[in-house]
Amino acid sequence: MILSSCIKLFFVLNIFLTVSLAFEPITTGLAVGVGFTASALLAGLNHFKCNVVECCDNNWFIPNITGLRSSLQDNLHGQNLVVDTVAKAVKGHIRNKNPSKALVLSFHGWTGGGKNFVSKMIAENLFVKGMQSRHVHLFVATLHFPHKDKVETYKDQLREWIKGNTSDCPHSIFVFDEMDKLPEGLLDAVKPYIDHYTEINGVDYRKTVFILLSNTAGNAITQKTYQYWQEGRKREEISLKEMDDLILKGSFNEKGGLWHSSLIEKNLIDVFIPFLPLERQHVKLCIRDDLRAKGHTVTEDVVTKVADELQYFPEREQLYSKSGCKRVSQKVDLIMEEVSQTVEEIMR
């Protein structure tokens, strides 16, 4: 009730101030006096509003780079390249008060490797409301851009959306999921906003963050990881540099959102980040996390039962999970329901 009344007063004062400043010169003395008073009241109301409703200020945008690294280290399994690269890239961008361009991260790998999970952790460690923040924008290719024959319309809509939201908050985050299903050429519409421009039509886009999620180059990433395993080498020895060329070529040549994209040609993507296929040991860690999060007792027997419910490849080695950790939560619910029923039958 109080908030509603304050908001109404805010709009009344805003209108009054606008009218006052439009008076003829003979009444400017009065108008200036009223204007200063109204401005002070408006400033106070703005401060009050931003304590209750999300704004783009230090009440709601609270970068926690140490927290981001910790979240990645504690909760992301089997992705050492991701942990180090993402933490450094975000830290460098956020701490630079005058970055030369927007930060563009391109995540690549098969489903279930943690691409959406990492995007969520970035948002949660920058904005108080995380992915629910009005300054974090998620685009899903098959949902928001389903028709390939409407690319030009989508481009116009995308430009307006990015311009409007960056004007509202310079630190806006834009996440594009299912990049491999994005209509070809659509993403080139964002090129001006991630290029090295100080501003475009009065708007500075250099503090924004763009995160691109894609399955492209997933096969090449998996093959390289498997090659290391065959040679008896640890996956932790794989370098970002040797993966970079694989991902770049795959992204540019595979059909999808980055196919022959000017973003790649103009070197506007800051870093290509590989998400390696997850082994059974990594899946078991995800299972343990899920059991704990749901308040279940963690036992090796239950963890193994859940892990056995998933499918693995290659056929002979059964080394990597086909779905990564993506189906873990559902399988945990299934197994725990079976365990619960068994206990109930024993107790009868």
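How many residues of strand β3 are buried? Let's start there. The answer is 5 of the 5, across residues 173-177, so β3 is largely enclosed by the rest of the structure. Buried here means under 20% relative accessible area; exposed means over 50%, and partly exposed lies in between, with a 1.4 Å probe and protein chains only.

A word on the source. This is a predicted model, where local features need pLDDT of at least 70, side-chain atom pairs count only at pLDDT 80 or more, and totals for chains, interfaces and linings use all residues. Residues are numbered from 1 along each chain as its sequence is written, and side-chain values use heavy atoms, with hydrogens and water left out. Strands (E, at least two residues) and helices (H or I, at least four) are DSSP runs, numbered from the N terminus.

Back to β3. In a regular strand, side chains alternate between the two faces of the sheet. Both faces of β3 are covered. I173, V175 and D177 are buried on one side. F174 and F176 are buried on the other.

Now the neighbours. Two strands pair if DSSP finds at least two bridges between them. Strand β2, residues 136-140, runs parallel to β3, and 5 bridges join them. V140 has D177 of β3 as its bridge partner. Strand β4, residues 209-214, also runs parallel to β3, with 4 bridges. There, I173 stands opposite V209.

Next, the disulfides. The rule is a pair of cysteine sulfur atoms within 2.5 Å. By that rule we get 3.

Take C50 and C55. Their S to S distance is 2.1 Å. The link is left-handed, at -85° about the S-S bond. C50 is buried at 12% relative accessible area, and C55 is buried at 11%.

Then C56 and C169, again joined at 2.1 Å, S to S. This link is right-handed, with 50° about the S-S bond. The pair links distant parts of the chain, 113 residues apart. C56 sits in the loop between α2 and α3, and C169 in the loop between α7 and β3. C56 is partly exposed at 25%. C169 is buried at 0%.

Last, C286 and C325, with S to S at 2.1 Å. The torsion is about 80°, so this disulfide is right-handed. C286 is in helix α12, C325 in the loop between β7 and α14, 39 residues apart. C286 counts as buried at 16%, and C325 is buried at 17%.

What pattern do the disulfides follow? Counting bonded cysteines along the chain, it is 1-2, 3-4, 5-6.
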